[in-house]
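Notebook open, model loaded. Today I'm looking up salt bridges.

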Amino acid sequence: MKRAGAPEAVGTRRADPVSSGPSAPSAPDPAGAVRGATRHRTVFRLLLAAVLGVAHTQAFAPHDWWWLQILSVAGLVALVADAGRPRAAAATAYAFGMGWFLSGIWWLFISMHVYGEMPSWMAALAVVLFAGYLSIWPALAAGTWHWLVRRGRGGAGVGILSALAFGAAWALSEWLRGVVFTGFPWLGSGYPHTDGPLSGFAPLIGVYGITLVAASVSALLVAGVRAVLRRSEPRAAATAGGAGALVVAALGGGLALAPIAYTTPAGQPLNVRLLQGNVAQDIKFEPVGIQRSLELYRDLITAAPADLVVTPETAFPVILQDLPLDIAQDVRTYMEKTGTTVVFGAAGADSPVDFTNSVFAIGPEQADLYRYNKHHLVPFGEFIPFGFHWFVNMMKMPLGDFRRGTLDQPAVPVRGIHVAPNICYEDLFGEEIATTLRQQANPANMLANVTNLAWFGDTIALDQHLQISRMRALEMRRPMLRATNTGMTPWSGRTARSRRSCRRSRWAR
């Protein structure tokens with residue numbers, strides 16, 4: 001209502017808030033388009049990194065594709081170098097790790113769900129979370145390397161020095177993965193090179209040293225290729241030539257070192273029988289399975305004479321004190337009549353609450369029963385981390401807290417030869433085996449891994465574990481005997497090419 005006496009504006013009218021004409025087209029949003037394109041590039045980069053991680057797994061056993069390990073990491077280096085920030089570089093390597101580990105350790109699902117009867121959703125979630133933890137280490141390496149290169153060069157370009165820095169960062173992260181929280185260096189980047197030209201470095205620098213060389217070669221390939229593509233830039237030719245020369249030197253150096261004999265044969269050849277009972281895991285610790293294992297391995301041990309007989313881990317699935325008297329007497333009588341040294345797996349007990357996962361041995365050169373107690377225990381299987389009893393209780397497995405053995409345990413004497421046993425995935429920790437050899441009064445001439453891989457079914461875990469044992473043989477320059485319950489029961493020699501056929505039969509001689 002207009003106020004009386006108020007002046008009225010001339011020539012003006014109120015605007016109608018409702019437009020009667022057609023709406024004008026909205027102006028384009030350049031910033032939004034850029035953000036959308038950036039998101040698409042980021043998603044593509046992460047997906048490509050995950051695919052490269054899966055390719056990285058294919059380089060491991062059962063394949064002998066050492067070259068794929070180098071190329072897949074080279075692809076990761078290229079993606080990380082082009083990432084805008086260290087955080088993006090770390091995310092890229094994290095995606096690589098998820099592809100790598102999910103495709104490489106999925107068989108843990110079988111042990112938890114099929115044999116442990118854990119709900120499938122929980123077992124799958126546990127595998128994903130574990131792979132997520134393992135992926136932190138390559139992410140840490142890539143993020144740190146990207147930050148250092150940007151800080152030193154003002155950009156994430158790949159030159160010769162930065163390529164060598166990537167190799168060092170990658171090897172350091174792999175070593176940390178192998179020691180933090182007791183370590184899980186499974187699928188370590190050096191293992192695909194067990195049959196490759198870099199295997200010649202194994203006795204000198206071990207698997208972590210091979211990891212450093214291989215990662216450096218991957219980054220040098222990226223540096224060289226990019227220098228060739230940018231050959232018009234200053235020093236591009238020098239970078240390409242230097243990178244190529246270092247790659248050739250690394251591969252050629254490994255080939256040149258491979259024939260060198262760092263050890264010599266000792267004593268006379270041994271006649272060895274490696275036993276494999278193929279007892280199904282779902283019945284092994286049930287009453288019917290226990291009785292079957294006791295009788296089966298008694299019969300296998302006493303079937304024929306030999307210098308040495310080796311059984312798998314817990315071939316006798318009882319505490320040694322509970323071993324039936326007739327079976328113990330049969331094995332001892334066989335040893336006394338044939339002069340055979342018998343190495344067998346069973347649980348040990350020093351008190352009602354003090355248990356060990358052990359290897360025992362009897363033989364003509366031993367006055368007392370030999371005993372080796374496993375040193376590197378499996379988390380959630382042989383010891384339960386604090387706060388995780390609820391998780392272990394979801395599985396129906398004979399799990400618990402075992403006592404840890406020491407690293408200075410002696411070897412088993414066999415006709416002038418000394419055999420050092422290790423149990424399950426202890427052969428994954430070469431530095432601990434080397435420490436044991438250095439601390440033994442009579443350093444072992446031969447290694448023997450006893451294991452039960454039936455927990456993981458007929459999967460790539462069996463091939464991966466064999467590859468690990470073979471790398472230990474190369475590093476230590478000693479033969480490695482392997483007796484497995486349902487896995488691969490071979491022996492590995494001291495050179496990369498001395499892999500022997502793996503038997504899934506009842507025994508291997």
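Predicted model: local features only at pLDDT ≥ 70, side-chain atom pairs only at ≥ 80, totals over all residues.

Which side chain meets glutamate 475 in a salt bridge? I found arginine 472, with N to O at 2.7 Å.

I checked where the two sit. Both are in helix α15 (residues 460-476), and because they are 3 residues apart there, about one helical turn separates them. Then I looked up burial, which counts as under 20% relative accessible area. Glutamate 475 comes out buried at 13%, and arginine 472 is buried too, at 0%.

Next entry: the whole structure. My search turned up 11 salt bridges.

I picked aspartate 330 and arginine 298, whose closest N and O atoms are 3.0 Å apart. This one links distant parts of the chain: aspartate 330 belongs to helix α12 (residues 325-338) and arginine 298 to helix α11 (residues 287-301), 32 residues apart. Buried or exposed? Arginine 298 is buried, with a relative accessible area of 16%, while aspartate 330 is partly exposed at 34%.

Then I went to arginine 403, which pairs with aspartate 350; their closest N and O atoms are 2.2 Å apart. Arginine 403 sits in the loop between α13 (389-392) and β6 (412-414), and aspartate 350 in strand β3 (residues 341-351), so this bridge ties together parts 53 residues apart in sequence. I have arginine 403 down as partly exposed at 30% relative accessibility, and aspartate 350 as partly exposed at 44%.

Asp350 and Arg403 are linked with Asp354 and Arg371 in a network of salt bridges.

Key: Residues numbered from 1 in each chain as written. Heavy atoms only, no water. Salt bridge = Lys/Arg side-chain N within 4 Å of Asp/Glu carboxyl O. Helix = DSSP H or I, 4+ residues; strand = E, 2+ residues; numbered from the N terminus. Buried < 20%, exposed > 50% of the residue type's maximum accessible area, 1.4 Å probe, protein only.
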